[in-house]
Amino acid sequence: MIERVVDTDERHIAPGESRGQGQARPADDGIEAHRRRMRRFEAHFAKLPLETQATCPSCRKVVAAVFDRCGEQIVLTFNCADCGQRRQVHHDAIWTDLAGDFPGSATHTFGGSRIHPPIRRLPRTVETLCPQCAAVIVGRYFVEDGAVYIEKTCPEHGHFRDMVNSDALLQAKASWWTFGEQPGQAKPHVTDGKRCPSNCGLCNQHQSGSVLAQVDLTNRCNMRCPICFANAGSAGYVCEPTYEQHVTYLQVLRDFRPIPCTAIQFTGGEPTIHPDFLRIVAKARSMGFSHIQIATNGIRMADYDFARQAAEAGLHTLYLQFDGVGEEAYRQTRNYPGIWEKKLATVENCRRLGLKICLVPTIVRGVTDDQVGPIFRFAVDNIDTVSAISYQPVAFAGRIDYEQRSRQRYTLGHLAHDIAAASGASPLADMFPLSIVSPLSEFLEAFSGSPKIRPTCHPDCAFGTYFFVSPDKKVYPFPRVLDVEGMFWDMSRLAARIRDRGRVTWLDKLRAIRMFKRHFRAESAPPDLTVKRFIRSLRGMVDKSVGRGQGEQLTYKTLLCAGMHFQDRYNFDVERTKRCVILYSTPDGIFPFCTWNCGPEYRAVSERKFAAQPAVVVP
């Protein structure tokens, strides 16, 4: 499950409450009205000079400031009554046209929209959202006391500030590890999009394919968690499309071009309570999805017979809500007595059935951050069935004051240091953004001749590392065993050479073998890990015929340990949205994760429109 802290405002209902069915709503409260509200300041932010508010770099008071052009540069002038006038050059892609900085990178999407490379330096300008009204506004990223912050000023609601990353050095490292841009969808559903994220559907501005697509089976749930992305079970209405409708949403994903979607996650609410859950899983398998997983709290999967039926239908992986080790860890986040025993039963069932588990903890600073280490150790101890941990720093919704956000905001920088403390890894040397592995997809595509999904998400989206786990449960970070940086650069170059030539030669295969041998660090590897076994393990991560079943005995146990920090209205960056690789197929079209669930929050608007009946309690 994907969670966030929700505070009550006009967009949300507090956990445990429900909206009365007769409560009146504005007549224009639909998707199109929502989009118009997001675009209403478009003219205001389109021209320079632009008056705003910003933190004085000397005294750190919020003062009047002005963005303006100075030759080829964008400059922010701070007008501080105490410190006088200060000026800072800002790296920019809003009012200037940056060229691509990676050889062979796409410069335009299939839909014709200009692609700007991620801005790697700070301070920089950013298109973002007003936390109160969700209108698209302009802000900036800057460094203060070694951390990265965002600040912005809405013409109606004033100045906002929040932390983006607690470690500016790690954020800078992540920003440099991208390998070119992708041109998005060949046939976007919306062809005239101009203002992201107000044209979701998916529009011509989107730059990435779907690494893991999402379908919400239902907004019902058999829990009432104090933190919940979907506000599941508390909305006061049920949105639960039929089996036939879900088949339609799945077909939209399979129709993606140039690369059909191959990996699907069913979510909600709690997807296992949909009356046609097993039929839908089986249908996804028959439609050609090679990876099928569910985001679940594990309650129904704790029943062996149900778990067996799900596995037989085609389920591969559980994205298991997992906030900590022991009952106490769930008291504040779930308030469901006995849930720990359910988690243990679910893990055991997956072990018996050969299913894999990705543990999904929601991390709130001061609440669950002390569980990062215990969760890591639990995963290592259960490495036969747990293949990954996807730590999720909490996303905020509603009107949460700066003091509370400052106390509870947990970033990828915080996570990197906590993982390091638990594992012995180095945050700077051993951890990378998800986008670094895109050359592996290029490499496999070049050698196989079939297209592969590339994780070309924004470098601010996900950060972490893989570990080898030895039979005696010792962990070895990948970058200690492999020269990751050299390896992926060589992969990218070799793939480009094959692509330009149009065929694979015997010399290419020899180069590939030599490449693996050259970058493998035997002296730092587990004693029983050979180059051959490493190569097979790498294949097993992306090919179930190699990495599952009998073939798993020939691979080496690996654990993905990373965080994906989904955005909220306080830290929203439009450029991240354009590169999203977690796409939702919904009744209203295709939406990036952070526009559907947070930020613009299309989910709430769309679900109300398609709601069929009053909410019911699920036993």
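## Surface and overall composition

Accessible areas come from the Shrake-Rupley method with a 1.4 Å probe, and for residues only the protein chains shown count as cover. On this basis the protein chain exposes about 24100 Å², of which carbon and sulfur atoms supply 51%.

This is a predicted model, in which local features need pLDDT of at least 70 and side-chain atom pairs count only at pLDDT 80 or more, while totals for chains, interfaces and linings use all residues. Residues are numbered from 1 along each chain as its sequence is written, and side-chain values use heavy atoms, with hydrogens and water left out.

The secondary structure of the protein chain comprises 20 helices and 25 strands; these are DSSP runs numbered from the N terminus, helices being H or I with at least four residues and strands E with at least two. Of its 619 residues, 60% count as buried, a term that denotes under 20% relative accessible area, with exposed meaning over 50% and partly exposed in between (1.4 Å probe, protein chains only). Among contacts (heavy atoms within 4.5 Å) with a separation of 6 or more in the protein chain, 69% are between residues 24 or more positions apart.

## Cis peptide bonds

A cis peptide bond runs from C196 to P197, with omega near 10°. P197 is placed in the loop between α3 (168-176) and β10.

A cis bond also joins G268 and G269, where omega is about 20°. The loop that holds G269 lies between β12 (263-267) and α5 (277-286).

## The surroundings of T577

T577 belongs to helix α18 (residues 574-578). It counts as buried because its relative accessibility is 3%. Leaving aside neighbours within four places in sequence, T577 is in contact with C196 and P197, as well as H206, Q567, F572, P592 and T595. C196 and P197 are the two residues joined by the cis bond described above.

## Packing of helix α20

In helix α20 (residues 602-610), the buried residues are Y602, R603, V605, S606, E607 and R608. These buried residues pack against the helices α1 (31-38) and α19 (593-596), and against the strands β10 (213-216), β11 (237-238), β23 (583-586) and β24 (589-592).

A134, a residue other than glycine, has a positive phi near 65°. It lies in the loop between β6 (124-129) and β7 (136-144), and A134 counts as buried because its relative accessibility is 0%.

K473, also a residue other than glycine, has a positive phi near 70°. Its loop lies between β20 (462-469) and β21 (475-477). At 32% relative accessibility, K473 is classed as partly exposed.
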